[in-house]
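Please look over the sequence and the model before reading on.

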Amino acid sequence: MEEKKCPDTGENCICCTRHKHREPAEADALLRRLNRIEGQVRGIRGMVEKEVYCTDILTQVSAVQAALNAFARELLGNHIKTCVVEDIQSGRTEVVDELMNTLQKLMK
């Protein structure tokens, strides 16, 4: 998340970034996915510590990457259905350029 300069202190702060209210069901679903991914990453760490064979670790890394991609797709879909639609309906069409930049970053 890109932090912005606080107008009060001049420091980087999360309080000066944009926010998005998520319905509890949406937030819970995203957090469940992140918890699973976090567990998978800890599992990979454990595999490295136990000196597990490289290809077995790489298989797990691939699973984490797929899980992160699924998380990103869900978040992006929610973003388009809510934030982007609301901004366009309010006449803030610059959100389309922002969406295009985001998609380019995701497709790298």
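Helices and strands are taken here as DSSP runs, with at least four residues (H or I) for a helix and at least two (E) for a strand, numbered from the N terminus. On that basis the protein chain of this predicted model has three helices and two strands, and read along the sequence these elements follow the pattern β-β-α-α-α.

The mean pLDDT of the protein chain is 90, and 85% of its residues reach 70 or more. Confidence is highest in helix α1, residues 24-49, at a mean of 97, whereas it is lowest in strand β1, residues 4-5, at a mean of 60. Where pLDDT is low, the predicted coordinates should not be read in detail.

Turning to the chain as a whole, buried residues make up 19% of its 108 residues, and its accessible surface comes to about 8500 Å², of which 55% belongs to carbon and sulfur atoms. Among the contacts with a separation of 6 or more, 35% are accounted for by residues 24 or more positions apart.

The buried residues of α1 are Glu-26, Ala-29, Leu-30, Ile-37, Ile-44, Gly-46 and Met-47, and what covers them includes α2. After the helix comes Glu-51, whose phi is positive, near 60°.

Which residues does Val-64 contact, once its neighbours within four places in sequence are left aside? Val-64 is found in helix α2, which comprises residues 54-89, and its contacts beyond those neighbours are with Ile-37, Gln-40, Val-41 and Ile-44. The C-alpha atoms of Val-64 and Val-41 are separated by 7.1 Å, although the two residues lie 23 residues apart along the chain. With a relative accessible area of 7%, Val-64 falls under the 20% cut-off and is therefore buried.

Asn-78 is also found in helix α2. Its relative accessible area is 19%, so that Asn-78 too counts as buried, given that the term applies under 20%.

Notes
Residues numbered from 1 in each chain as written. Predicted model: local features only at pLDDT ≥ 70, side-chain atom pairs only at ≥ 80, totals over all residues. Heavy atoms only, no water. Buried < 20%, exposed > 50% of the residue type's maximum accessible area, 1.4 Å probe, protein only. Contact = heavy atoms within 4.5 Å. pLDDT = per-residue confidence, 0-100. Areas by Shrake-Rupley, 256 points an atom, 1.4 Å probe, with all protein chains shown as cover.
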